[in-house]
Amino acid sequence: MNIKAYIPNFITLLNLLSGCFALVFVAQNQFYYAFFFVSLGIFFDFFDGFFARLFKVQSPLGVQLDSLADMVTSGAVPGFVMYQLLFNYLNSGGVEVTNYMSLAYVLPLFGFVITLGSCYRLAKFNIDTRQTDSFIGLPTPANALFILSIPLIIDSTSIEGVRELLTNPYVLMGITIVSAYILNAEIPLFSLKMKGFSWQKSKIQFIFLLLAMVLLVGFKILGLPLVILLYILLSIVQNKMTA
């Protein structure tokens, strides 16, 4: 019995379990805990592949498990977060709504468009041979962190304009559409894996990491969506320069 063959799949299941815990906390509007467990799940998502390559035990089962776990942690959770945000701000007037077919109940379901976009992106990734060393479209973990940062920014920001913007249901619906689009857009994005420590081979990764650290230190949680935007913009610039 080769114990090593089971280690990557066990780590993948920890990713799935983290996503399940995150769903519980989203249901209770405990977004900080949800963010923590999604981040933990993404941590496990990185290391299941790392150990699979290290032990040379990659398998079709591992590939399927990875996508199914990501579907919960990076697909269902951000969709549910957006649903909760839309529901909270569409029903913030203090009046109890009893008509379940009213817009205040129906519109929040639009948040699950993120889940649909994530599902399509994960399925496409499994059969797309172009995405072995880089990505086409925003990876679901990055998108999940972006969506889960929104309630944290709302809760912590002292910039009133940002808070007003992110508590506007129609802005949130616009973010939902952009999120589902950017997941599946035909935009090549560079891999974050370093090709050694050579500046020539990994300069785009070095530039990104340096600027990302500056944004996170300077803007804290508000820097997270800025980092993801930076990742997309740097990829577009690199694509133009290498075209």
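Start by selecting Ile 236, which is partly exposed because its relative accessible area is 31%, a value between the 20% limit for buried and the 50% limit for exposed. The model on screen is a predicted one. Ile 236 sits in helix α10.

Now turn to the aromatic rings. The structure holds 15 aromatic pairs. Select Phe 46 and Phe 47: their ring centres are 5.0 Å apart and their planes stand at 90°, so this pair is edge-to-face. Phe 46 has a relative accessible area of 48% and is therefore partly exposed. Phe 47 is also partly exposed, at 24% relative accessibility.

Move on to Phe 190 and Phe 208, an edge-to-face aromatic pair with 5.9 Å from centre to centre and 75° between the planes. This pair links distant parts of the chain, 18 residues apart. Phe 190 is in the loop between β2 (188-189) and α9 (199-219), while Phe 208 is in helix α9 itself. Are these two residues, Phe 190 and Phe 208, buried or exposed? Both Phe 190 and Phe 208 are buried.

For the last stop, select Phe 21, Phe 25, Tyr 33, Phe 36 and Phe 37. Ring pairs link these residues, Phe 21, Phe 25, Tyr 33, Phe 36 and Phe 37, into a cluster.

Technical notes:
Residues numbered from 1 in each chain as written. Predicted model: local features only at pLDDT ≥ 70, side-chain atom pairs only at ≥ 80, totals over all residues. Heavy atoms only, no water. Helix = DSSP H or I, 4+ residues; strand = E, 2+ residues; numbered from the N terminus. Buried < 20%, exposed > 50% of the residue type's maximum accessible area, 1.4 Å probe, protein only. Phe/Tyr/Trp six-rings, centres within 6.5 Å; stacked < 30°, edge-to-face > 60°.
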